[in-house]
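Biologist: Please show me how to read a structure like this one. Let us take one feature at a time.

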Amino acid sequence: MKIVLFGKNGQVGWELQRALAPLGQVFAFDSTQADFTQPDQVVDHLRSIQPDVVVNAAAYTAVDKAESDIERARLVNATTPEAVARWAAEHGALFVHYSTDYVFDGSGTDARAEDSATAPLSVYGQTKLEGEQAIAASGCKHLVFRTSWVYAAKGGNFARTMLRLAAERDQLKVIADQIGAPTGADLIADVTAHALRQTWRQPELGGVYHLVASGQTSWWAYACWVIEWARQQGAAVRVAPEAVVAIPTSDYPTPAKRPLNSRLSTAKLQSTFGLIMPDWKQGVERMLTEIHQPTLSRS
């Protein structure tokens, strides 16, 4: 099996290089090698390699910047994925693509199923939805995974930021009315490889799936959990537990509106592919241990 991976240096793309390697020959490209603002350049790679599977981990994810950079966001999130999907349809390739909970409006408290009504609140969400729709319309064999609150040990993430601030400040203010499930890039990559292998053999399994860790939390509760974990490990924590203050989204205005409810049901994913999604705390603890063990060992 020949696999082309786009976005190899992003959080998910980095983990995908590892997870996809046992499945076949992987040709991985970063944004300098395959620029998703240039659809023809991206498709040229496919013409040259003639892959059996295309995995797209490239995306425009600067949510606030997208509000004023609409053309570029649409190129990366919709136009170029559409071009890739058309190539895949013409050549019988399987196309794996990632989307987001931002395609929903975040209302209510129920976990959204894959067929729930979409209503994005932002340019980012709208362009990601357009990408989904274009892939479906192309008629290619595809897997589209909607995920949310993605983190990885590589690069920056919310937990790392909270720990840095907790060591510097006496008080933190964190949003408490946005609810979701922190989901590790390693989990996303491993599930992708598992589902890809099955779908390659059974194309009828293709479609849209929600891929997030189990359980739920708020950004505030997430921050409290991470800081308490660090405190128990003996890490330097300046902020007191009662000084992590819960605030509403309205106290922290941003150019792009965030969904308050990012709960996604993974029932379809688990039943189709025979999986059990781990609790979000399990992955976060593993990530924290990985990035902080050297520091803890020296203390």
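Modeller: Start with glutamate 71, which is exposed at a relative accessible area of 65%. Exposed means over 50%, buried means under 20%, and partly exposed lies in between, with a 1.4 Å probe and protein chains only. This is a predicted model: local features need pLDDT of at least 70, side-chain atom pairs count only at pLDDT 80 or more, and totals for chains, interfaces and linings use all residues. Residues are numbered from 1 along each chain as its sequence is written, and side-chain values use heavy atoms, leaving out hydrogens and water.

Biologist: Where is glutamate 71 found?

Modeller: In helix 3. Helices (H or I, at least four residues) and strands (E, at least two) are DSSP runs, numbered from the N terminus. Threonine 37 is 34 residues from glutamate 71 in sequence, yet their C-alpha atoms are 9.3 Å apart in space.

Biologist: How do helix 3 and helix 4 run relative to each other?

Modeller: Look at the axes first. They are lines fitted to C-alpha atoms, for helices over the stretch in contact, and angles run from 0 to 180 degrees between N-to-C directions. The axes of helix 3 (residues 70–91) and helix 4 (residues 123–138) come within 8 Å and cross at roughly 15°. Angles under 35 degrees count as roughly parallel, over 145 as roughly antiparallel, 65 to 115 as roughly perpendicular, and the rest as oblique. Helix 3 and helix 4 are therefore roughly parallel.

Biologist: Which residues in helix 3 meet helix 4?

Modeller: Contact means heavy atoms within 4.5 Å. On the helix 3 side, Ile70, Ala73 and Arg74 are among them; Val123, Tyr124 and Gln126 are among those in helix 4. By class, the contact has 10 nonpolar, five polar and five charged residues. Here Ala, Val, Leu, Ile, Met, Phe, Trp, Tyr, Cys and Pro count as nonpolar, Asp, Glu, Lys and Arg as charged, and the others, Gly among them, as polar.

Biologist: At what angle do helix 1 and helix 6 cross?

Modeller: Roughly 45°, and the axes of helix 1 (residues 11–20) and helix 6 come within 8 Å. That makes helix 1 oblique to helix 6. Their contact has nine nonpolar, two polar and four charged residues.

Biologist: How many residues does the largest nonpolar core have?

Modeller: A nonpolar core is a set of buried Ala, Val, Leu, Ile, Met, Phe, Trp, Tyr and Cys residues joined through side-chain atoms within 4.5 Å. The largest one has 55 residues, and Leu16, Val96 and Phe145 are among those with the most contacts inside it. Helix 6 (residues 185–201) gives the most to this core, with eight residues. A second, separate core has 29 residues, including Tyr60 and Trp87.

Biologist: What is valine 96 in contact with?

Modeller: Leave aside its neighbours within four places in sequence. Valine 96 then contacts Val53, Val54, Val55, Asn56, Leu143, Phe145, Thr192 and Leu196.

Biologist: Now the loops. Is leucine 205 buried or exposed?

Modeller: Leucine 205 counts as buried, at 15% relative accessibility. Its place is the loop between helix 6 and strand 10 (207–210). Not counting residues up to four places away in sequence, leucine 205 touches Leu143, Gln198, Thr199, Thr272 and Phe273.

Biologist: What is phi of tryptophan 149?

Modeller: Near 50°, a positive value in a residue other than glycine. Tryptophan 149 lies in the loop between strand 5 (141–147) and strand 6 (150–151). Tryptophan 149 is buried, at 11%. Glutamine 50 also has a positive phi, near 55°, but counts as partly exposed at 37% relative accessibility.
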